[in-house]
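Thank you all for coming; I would like to take a few minutes to walk through one model with you. Please have a look at the sequence and the fold first, and then I will go through the contacts one at a time.

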Amino acid sequence: MTASANAPRAAPTTRGDYPRLLPMTTRLRDTDVYGHMNNVVYNEYFDTAVNQTLIELGVLDLRASDVIGLVVHSQTSYFRPVAFPDTVVVGVRVGRLGRTSVTYEYALFRGDDDSAAAQGSFTHAYVDRASNQPVELPQALRGALEPLLRASAN
């Protein structure tokens, strides 16, 4: 067994832990045969929330940005089920700003719940779109993300 398998499970975070909150609506197709949102769908919501944040901050153009982030690691913990037709809110923050990578942290909140139904993180390694080679974070990206940096990560 690995050390991470023995690590205590993190407690759910709360809405106040995230500087950005993005409302979304579940879709009928998100619900699996067990009557709850399938685990892979949570990652679609998280990916959408991070990319929507980057677009709204003016540091990502999906078709034209020279520098793009590729997911190199992800993890999610699940606490309570979500299903259609729930409304949800995804909280987004930055856990770590590296030289060539960013770790985004997120949580999905069901309805008006203050405690996360699921939470996790993924790391984007930033690369040149044309060469796929690692690059340092552009200053505009770093500047846009610094206000989202988790307080204990400063």
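Predicted model: local features only at pLDDT ≥ 70, side-chain atom pairs only at ≥ 80, totals over all residues.

Let me begin with Arg110 and Asp86, whose side chains come together in a salt bridge, with 2.8 Å from N to O. Arg110 belongs to strand 4, while Asp86 sits in the loop between strand 2 (67–78) and strand 3, so this pair ties together parts that are 24 residues apart in sequence.

How many salt bridges does the structure hold? There are seven, and I will go through some of the others. Arg93 forms a salt bridge with Glu105, and here the closest N and O atoms are 2.7 Å apart. This pair, too, links distant parts of the chain, with Arg93 in strand 3 and Glu105 in strand 4, twelve residues apart. Both ends are covered: Arg93 is buried, with a relative accessible area of 11%, and Glu105 is buried as well, at 13%. There is also a network, in which salt bridges that share partners join Arg27, Asp30 and Glu44.

The next pair is Glu56 with Arg20, whose side chains meet in a salt bridge at 2.4 Å, N to O. Glu56 is in helix 2 and Arg20 in strand 1, so to speak two distant parts of the chain, 36 residues apart, that the pair links. Is Arg20 buried or exposed? With a relative accessibility of 19%, Arg20 counts as buried, because the cut-off is under 20%. Glu56, by contrast, is partly exposed, with a relative accessible area of 49%.

In strand 2 we find Ile68, which is buried, with a relative accessible area of 19%. The C-alpha atoms of Ile68 and Thr53 are separated by 14 Å, and these residues are 15 apart along the chain.

Now to the backbone in the loops. The peptide bond from Phe84 to Pro85 is cis, with omega near 10°, and Pro85 has its place in the loop between strand 2 and strand 3. In the loop between strand 5 and helix 3 lies Asn132, whose phi is near 65°, a positive value in a residue other than glycine. Asn132 is partly exposed, with a relative accessible area of 45%.

Finally, the surface. Where do Asp17, Asp112, Asp113 and Asp114 gather? They form a patch of negative charge on the surface. One of these residues, Asp113, is placed in the loop between strand 4 (101–110) and strand 5 (118–128), and Asp113 is partly exposed, with a relative accessible area of 32%.

Methods
Residues numbered from 1 in each chain as written. Heavy atoms only, no water. Patch = residues over 30% accessible without salt bridge, like charges linked within 9 Å, V, L, I, M, F, W, Y side chains within 5 Å. Areas by Shrake-Rupley, 256 points an atom, 1.4 Å probe, with all protein chains shown as cover. Salt bridge = Lys/Arg side-chain N within 4 Å of Asp/Glu carboxyl O. Lys, Arg positive; Asp, Glu negative; His and termini not counted. Charge placed at Lys NZ, Arg CZ, Asp CG, Glu CD. Helix = DSSP H or I, 4+ residues; strand = E, 2+ residues; numbered from the N terminus. Buried < 20%, exposed > 50% of the residue type's maximum accessible area, 1.4 Å probe, protein only.
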